[in-house]
Amino acid sequence: MSVLFIIGLLRLRKISAPFNILVFLIGLGVASDLFSRFLVIQFRSGLAGYHIYLPLQYLFITIFYSFYLKNKFWFTYSPLLILIFSIINTLFFQSVWSVPSNVVLISSLIFVIYSLLTFKYLLSDVSSSTSLVRLDIFWCNAIIAAYFTCIFFCWSFYNFFLRHNIAATVFTNTIYYANYIYYFTLGISIYLNSKKERKLIW
């Protein structure tokens, strides 16, 4: 992940504005990972970092999709709503030392909706002679749809398994490997974007 971030920074001038946001999203992931490790050393738990990371992740991904989807009001104010919800969730429902799964579930669902709407525009606006797999936005959008669908269902069932004292190792392993695939595919989409100057499709 750190390597992807460094490569993205080195090619930043060759990358379009929306995909610059993805580079910084990867950088946010690197910073969050380092901060979580610091918290583990100091407090034996790195979960507090997620309470900061998730609203910022939502902000970056929402800014990215604001380049492609038309709803100025939503893209302007929804990050603030998620931040407020995250603060309320931390104060009253899921403490700073627990995973803020409520925020994970809501933001993941919104990201999947973003991706589905973007696929709708891609299928209707891209020329039939253009291969979707050659488009940077296709790879980015596909992995966001797949990854956050996976995250949504994993966390939904994970909490159920915990409440019923059932081993949830399969879900934690799935999330672990999904993270690698997610960041690797984001790297592919950034690479494709840096190799060819692209205009917004709509």
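Select Phe-92 to begin, a residue that lies in helix H4, residues 72-92 (a helix is a DSSP run of H or I of at least four residues, numbered from the N terminus). Phe-92 is exposed, with a relative accessible area of 63% (exposed is over 50%, buried under 20% and partly exposed in between, with a 1.4 Å probe and protein chains only). This is a predicted model, in which local features need pLDDT of at least 70, side-chain atom pairs count only at pLDDT 80 or more, and totals for chains, interfaces and linings use all residues. Residues are numbered from 1 along each chain as its sequence is written, and side-chain values use heavy atoms, with hydrogens and water left out.

Next, select helix H3, residues 48-66, whose 19 residues should span 27 Å at 1.5 Å a residue, in agreement with end C-alpha atoms that are 29 Å apart (the expected span is 1.5 Å times one less than the number of residues). Among the buried residues of H3 are Tyr-53, Leu-54, Ile-61 and Phe-64.

Then turn to the largest pocket, where 33 residues form the lining and Asp-33, Tyr-50, Tyr-147, Asn-179 and Tyr-183 lie nearest the centre (a pocket is an open set of points on a 1 Å grid over the protein atoms alone, where a 1.4 Å probe fits, with protein on both sides within 12 Å along at least five of seven lines; lining residues have an atom within 4 Å of a point). Helix H7 gives the most to this lining, with eight residues.

Finally, select Ile-7 in helix H1, which counts as partly exposed at 43% relative accessibility.

Notes
Helix = DSSP H or I, 4+ residues; strand = E, 2+ residues; numbered from the N terminus.
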